[in-house]
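Subject: Structure for your review

Dear colleague,

I am passing on the structure we spoke about, followed by an account of what was found in it. Please read the notes alongside the coordinates.

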Amino acid sequence: NWRNVLEVLLLKVEDPIVVEWRDAADLGDESWTDLKDALKDTRDMPVSTIGYYLGETEHNLWLFSNVEHRDKDNKSITGRMQIPLGCIKKITKLRK
């Protein structure tokens, strides 16, 4: 249960983390492919994402990639993303 793991990590907003996860991976603009060839390339799509912890919902972990902090009382962020909890293999908290 990732909720328990997140609680153990004691993550706070803006903590830097690495998330290792499996992407659903759309093969994009792939044209018609012979079935025999497609069966040869059915590998997982492992991804490592480095970002800042934003929070989690029932189904997703939220991160962001950039924070602007000229005004410490009113920070701005960009690069928000979500990763489905069911796709996550490992979360590592980094030192600030």
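**Around Thr49**

Leaving out its neighbours within four places in sequence, Thr49 is in contact with Ile17, Val18, Val19, Trp21, Leu63, Met81 and Ile83, where contact means heavy atoms within 4.5 Å. Thr49 belongs to strand β2; helices (H or I, at least four residues) and strands (E, at least two) are DSSP runs, numbered from the N terminus. With a relative accessible area of 12%, Thr49 is buried, the scale being buried under 20% relative accessible area, exposed over 50% and partly exposed in between, with a 1.4 Å probe and protein chains only. The side chain of Thr49 also makes a polar contact of 2.9 Å with the side chain of Trp21; a polar contact is a pair of N or O atoms within 3.5 Å, of which, within protein, one must be able to donate a hydrogen and the other to accept it, while residues adjacent in sequence count only if both atoms are side-chain atoms.

**Basis of the model**

This is a predicted model, in which local features need pLDDT of at least 70 and side-chain atom pairs count only at pLDDT 80 or more, whereas totals for chains, interfaces and linings use all residues. Residues are numbered from 1 along each chain as its sequence is written, and side-chain values use heavy atoms, with hydrogens and water left out.

The mean pLDDT of the protein is 87, and 88% of its residues reach 70 or more, pLDDT being the predictor's confidence in each residue, from 0 to 100. Confidence is lowest in helix α1 (residues 2-9), at a mean of 66, and highest in strand β6 (residues 81-84), at 96. Where pLDDT is low, the predicted coordinates should not be read in detail.

**Overall make-up and strand pairing**

The protein contains two helices and seven strands, and along the sequence these follow the pattern α-β-α-β-β-β-β-β-β. Of its 96 residues, 22% count as buried, and among contacts with a separation of 6 or more, 66% are between residues 24 or more positions apart.

Strand β1 (residues 16-22) and strand β2 (residues 46-56) run antiparallel and are joined by seven bridges, where two strands pair if DSSP finds at least two bridges between them. In this pairing Trp21 stands opposite Val47 in β2. Strand β2 also pairs with strand β3 (residues 60-64), in the antiparallel sense and over four bridges, and β2 and β3 form a hairpin with three residues between them. Within β3, Leu61 is the bridge partner of Glu56, and Leu63 stands opposite Tyr53. Strand β3 pairs in turn with β6, again antiparallel and over four bridges, with Pro84 in β6 as the bridge partner of Asn60. Four of the five residues of β3 are buried, so β3 is largely enclosed by the rest of the structure.

**The nonpolar core and the aromatic pair**

The largest nonpolar core has eleven residues, namely Leu11, Ile17, Val19, Trp21, Tyr53, Leu61, Leu63, Ile83, Leu85, Ile88 and Ile91; such a core is a set of buried Ala, Val, Leu, Ile, Met, Phe, Trp, Tyr and Cys residues joined through side-chain atoms within 4.5 Å. The elements giving two or more residues to this core are β1, β3 and β7 (88-93), and β1 gives the most, with three residues.

The structure holds one aromatic pair, formed by Tyr52 and Phe64, which is stacked at 5.4 Å centre to centre with 25° between the planes. For this term, rings of Phe, Tyr and Trp (its six-membered ring) pair if their centres lie within 6.5 Å, and planes under 30 degrees apart count as stacked, over 60 as edge-to-face and the rest as tilted. Tyr52 in strand β2 and Phe64 in strand β3 are twelve residues apart. Tyr52 counts as partly exposed at 29% relative accessibility, whereas Phe64 is buried, with a relative accessible area of 2%.

**A backbone point to check**

Glu14, in the loop between α1 and β1, has a phi near 85°, a positive value in a residue other than glycine. Most residues other than glycine have a negative phi. At 21% relative accessibility, Glu14 counts as partly exposed.

With best regards
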